Amino acid sequence: MNTLHQKPQSLLKEIQCEIQGVTKPWVYLGSLFTSFCWHTEDHYLYSLNYMHNGHGKTWYGVPSSNKEKFDLAMKSFMPQRFRKNPELLYQLITLLNPFYCQDEGVRVYHTVQKAEEFVVTFPNAYHGGFSHGLNCAEAVNFALPEWLPWGAKAMQDYHEKMTRKGGKRPDVFAHDQLLYHLGAMLSKIVLRNRDKIASKQSDPKLLNSCIKEVVCDELPFDPKAFVPRLLQDFSKSAKHELHYRKWLEGGKMTSMTSSYSNAKPPQCWVCKNMPYFSHVQCKNHPERMTCPQHAFAQCDCGVDCKGLAVIVSKYGIQSMQNLIQSITKTL
């Protein structure tokens, strides 16, 4: 489980930093009736759970197709709590009888995990449960190519409809960084085969066929499903980034080339997103870094006090988008 995120089929290997509880497993010690509250995984990732030894653990699961019904059941059972705290379901502090959920039309599944057994949870699927006695288990997250649409949905759910307190749930890694590095993975495949590809430059049909061949041979999963989806998500992120970058530069905000001291970008002070391509800093409030969208929500300071730190240039973003698009056309 320590190396699961480094497997060829795993997308999380492209994050290029260790995240406790996500790429690095956590060990869980349980006792009689210790519970884990209803929740979905960070970024709607898959999870792998292994019971080392001890008493069993009861699991309840709700498929992603019933997530909205589950949300409504929760809110109908405790409406006052949700009025006070709309982000309650994102905080892993809520238990609710699964039989009540079933009465509300939610499909709930049940299993008992025993020693030396695995339990896998799927993207955007609520799960919760309790231990039958002393036990020791271990859990880690992973992402297959099929996860990409769920990752995009997580970003939408976390940040697009903000509350007064900002984003509903903080990111644990930068989604745009992962998309960019997945594009870089395709770029490396092309570069490794540049001599073979260059030999077909004179004939467009042979060139496209050659690019398709090397990508299909070296990508450890089906490129026909993966690459178009990557293009869709990256194009959306690129459009969002360049739109706000143009807005800030039009407002005479100074921009400067920058880099992160480690592989993990900082978090937006307002929406809790992790902006990878660029971020805004204020010299009067250096602790309040924001994404470009919330440049003027961090404080009341004027544009002369703020600066746009550019990690990936406009050319770099557009070049990556063009590369993914050109590969998509060959498939």
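Tutor: Two strands pair if DSSP finds at least two bridges between them. Keep that cut-off in mind as we go through this predicted model.

Student: What makes β10 and β12 a pair?
Tutor: Strand β10 (residues 278-282) is joined to β12 by 5 bridges. At least two are needed, so β10 and β12 count as paired. The two strands run antiparallel.

Student: And how do you know that β9 pairs with β12?
Tutor: Here 4 bridges join strand β9 (residues 254-257) to β12, and these two run parallel. The cut-off is at least two, so β9 and β12 pair as well.

Student: Which residues stand opposite Gly307 in β12?
Tutor: Thr254 does, and Gln281 stands opposite Gly307 too.

Student: Why is β12 called largely enclosed?
Tutor: Buried means under 20% relative accessible area. For β12 (residues 306-310), 5 of the 5 residues are buried, so the strand is largely enclosed by the rest of the structure.

Student: Which residues cover the two faces of β12?
Tutor: Lys306, Leu308 and Val310 lie on one side, with Gly307 and Ala309 on the other, and all of them are buried.

Student: What about the largest nonpolar core: which residues have the most contacts inside it?
Tutor: Trp147, Phe173, Leu219, Phe226 and Phe234, in a core of 52 residues. Several elements supply at least two residues each, among them β3 (46-54), β8 (135-142) and α8 (223-250). Helix α5 gives the most, with 9 residues. There's also a second, separate core of 15 residues, including Tyr60, Met78, Leu88 and Leu89.

Student: What does Phe173 touch, leaving out residues up to four places away in sequence?
Tutor: Leu12, Ile15, Ile19, His43, Leu45, Trp147, Leu178 and Met274.

Student: What makes α5 mostly covered?
Tutor: Of its 18 residues, 14 are buried.

Student: And how do you know that the span of α5 agrees with what it should be?
Tutor: At 1.5 Å a residue, its 18 residues should span 26 Å, and the end C-alpha atoms of α5 are 26 Å apart, so the two agree.

Student: Zooming out, how many helices and strands does the protein have, and what share of its residues count as buried?
Tutor: There are 9 helices and 12 strands, and 51% of the 331 residues count as buried. The accessible surface comes to about 17100 Å², with 53% of that belonging to carbon and sulfur atoms. The C-alpha atoms fill a box of roughly 65 × 55 × 35 Å along the principal axes.

Technical notes
Residues numbered from 1 in each chain as written. Predicted model: local features only at pLDDT ≥ 70, side-chain atom pairs only at ≥ 80, totals over all residues. Heavy atoms only, no water. Core = buried A, V, L, I, M, F, W, Y, C linked by side-chain atoms within 4.5 Å. Buried < 20%, exposed > 50% of the residue type's maximum accessible area, 1.4 Å probe, protein only. Contact = heavy atoms within 4.5 Å. Areas by Shrake-Rupley, 256 points an atom, 1.4 Å probe, with all protein chains shown as cover. Expected span 1.5 Å × (residues − 1).
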